[in-house]
Amino acid sequence: MATSSPTRPSRLLPLSLGLFQGSLLLFFAFFVTYNEPSAQAEDANLVANQLYGIFPIFQDIQVMVVVGLGLLLAFLPRYGLSALTHNFLLLNFSTQWAVVLQGLIHHFHHGQVHLDLRNLLTAEFAAVTVVISVGAVLGRTSLCQLLVVAACEVPVYLASEWAIVTHLGVLDVGGTITIHVFSCYFGLGMSKALFGAAQRPLHPKETPTPSSDLLSLVGMLILWVFWPSFGAILCQPGHVQHRAILNTLLAMSSSAVTTVVASSLLERDGKLNLSHLQNGSLAGGVAIGAVADMAVPPVAALALGNLSAVTCVLGFRFLTPLLARKLRLQDQCGIHNLHGLPGILGAAASAVAILVTSEDTSRS
């Protein structure tokens, strides 16, 4: 008995995942087929161009989520390996779960779910919300708990996306509202529900080391380089997609420079805070997503990058300690500062852009 009882909890995870994967295998065997394009000769070149146009950008997003986001979460010195492996497993689990749910809701025709690369991409966007949300409780939950969170969050995200995009008609190609704002406040709600009753001081193991900060910084650089693909992949190919890439690059470049300025001015010793740099440099990409494909002037993209970086740094410096002290809200990775505040700023910028831009040129 003494040797068998410790092994029972450890078997719960593989048994649960095995049951999930076995059920998924049966579902795919009976209900899933590929969405085959027309076999007409005149359509062959069009299909090839569409594939070659989307797949390189799809690969960029894979690098962002698997490598970049995984490394960004590795700032805790005793949790780096777990952050990478948990991020990888949650991404795959949530993507497959989202494929099933999205297929049953949107792509179920004549008794079968029709799957293509675009459907898989939108399913991965649902998985992105999960890996962002769990940043609020990073290092304080087991993998089994995170998988339960993922199973619950994906359907809630799909319902939220339907309400925002389909029912309300909000255009959000970069996921500023549907992905970043949603995942932020879902994660904060989860943190409050699980750990809001107790306020605990910072544990020594939670203090980043130079090596863990370096890993997180590399993750930020990977995300920064590939972020324009994330903001442009859902845009119409051509000049609209080109505009989205340019707007995203300008916003992220200005947010990177502004982060250095704001962080150095706010720190007492005048030195750059690495946590500010790791997050503030990406804030421009979060905020610009809602207006990336709009016909806004270049100065608007630069200004939005500046404002989002300042908002992110101020959030780390003042708002996070205030929320922890007053509301006992623990945000381990600062997702409120990177995803929540810049996301709200981007949503407000979208509303302003629609009001000041003529309807026929806003997204043409």
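**Helix geometry and packing in a predicted model**

Helix α5 has 25 residues, which at 1.5 Å a residue should span 36 Å, and the C-alpha atoms at its ends lie 34 Å apart, which agrees with that expectation.

**Helix α5**
- The buried residues of α5 are Leu143, Leu146, Leu147, Val149, Ala150, Glu153, Val154, Tyr157, Leu158, Ser160 and Ile164.
- Glycine 169, which comes just after α5, takes a positive phi of about 75°.

**α3 against α5**
- The axes of α3 (residues 80–106) and α5 (residues 143–167) come within 10 Å and cross at roughly 40°, and the two helices are therefore oblique to each other.
- The crossing in which α3 passes α5 is right-handed.
- On the α3 side the contact is made by residues including His86, Phe93, Trp97 and Gln102, while α5 contributes, among them, Leu143, Ala150, Pro155 and Glu161.
- Sorted by class, this contact of α3 with α5 has 14 nonpolar, three polar and one charged residues.

**α9 against α11**
- The axes of α9 (residues 274–288) and α11 (residues 335–356) come within 8 Å and cross at roughly 35°, in a crossing that is right-handed.
- Asn279, Leu282, Ala283, Val286 and Ala287 of α9 make the contact with Leu338, His339, Pro342, Gly343 and Gly346 of α11.
- Sorted by class, the contact of α9 with α11 has six nonpolar, four polar and no charged residues.

Key: Residues are numbered from 1 along each chain as its sequence is written. This is a predicted model: local features need pLDDT of at least 70, side-chain atom pairs count only at pLDDT 80 or more; totals for chains, interfaces and linings use all residues. Side-chain values use heavy atoms; hydrogens and water are left out. Axes are lines fitted to C-alpha atoms, for helices over the stretch in contact, and angles run from 0 to 180 degrees between N-to-C directions. Helices (H or I, at least four residues) and strands (E, at least two) are DSSP runs, numbered from the N terminus. Angles under 35 degrees count as roughly parallel, over 145 as roughly antiparallel, 65 to 115 as roughly perpendicular and the rest as oblique. A crossing is left-handed if the near helix is turned anticlockwise from the far one by less than a right angle, and right-handed if clockwise. Contact means heavy atoms within 4.5 Å. Ala, Val, Leu, Ile, Met, Phe, Trp, Tyr, Cys and Pro count as nonpolar, Asp, Glu, Lys and Arg as charged, and the others, Gly among them, as polar. The expected span of a helix is 1.5 Å times one less than its number of residues. Buried means under 20% relative accessible area, exposed over 50%, partly exposed in between (1.4 Å probe, protein chains only).
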